[in-house]
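Hi everyone, thanks for coming.

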Amino acid sequence: MDTKKLGKRIKLARVESDLTQAQLAKKIDAKQKSISRYETGASSPSLETLVKIAKVLKKPAGYFLDE
């Protein structure tokens, strides 16, 4: 999985949902810095975290994983 592509999709979905990184982090019980690292591709979320992100952003988890 390309972490940069994954990060771009997380950011796009977050912006579409009109959430800041801090707001998303709070909703999934994570740190804002973690969201930033996911979005820049510096790290990738665990599957469990990705599922939480998908639920908050109202997207199927597969949306983030499709190539």
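**A buried pair and a nonpolar core**

Let's start with E39, whose side chain makes a polar contact with the side chain of R14 at 2.5 Å. By polar contact I mean a pair of N or O atoms within 3.5 Å, where one must be able to donate a hydrogen and the other to accept it, and where residues adjacent in sequence count only if both atoms are side-chain atoms.

A quick word on the source: this is a predicted model, where local features need pLDDT of at least 70 and side-chain atom pairs count only at pLDDT 80 or more, while totals for chains, interfaces and linings use all residues. Residues are numbered from 1 along each chain as its sequence is written, and side-chain values use heavy atoms, with hydrogens and water left out.

So where do the partners sit? R14 is in helix α1, residues 3–16, and E39 is in helix α3, residues 32–40; helices here are DSSP runs of H or I, at least four residues, numbered from the N terminus.

Are they buried or exposed? R14 counts as buried because its relative accessibility is 8%, and E39 is buried too, at 9%. Buried means under 20% relative accessible area, with a 1.4 Å probe and protein chains only.

Now the largest nonpolar core: it has 14 residues, and I10, I35, I53, L57 and F64 have the most contacts inside it. Helices α1, α2 (21–27), α3 and α4 (47–56) each supply at least two of its residues. Such a core is a set of buried Ala, Val, Leu, Ile, Met, Phe, Trp, Tyr and Cys residues joined through side-chain atoms within 4.5 Å.

Definitions and conventions
Buried < 20%, exposed > 50% of the residue type's maximum accessible area, 1.4 Å probe, protein only.
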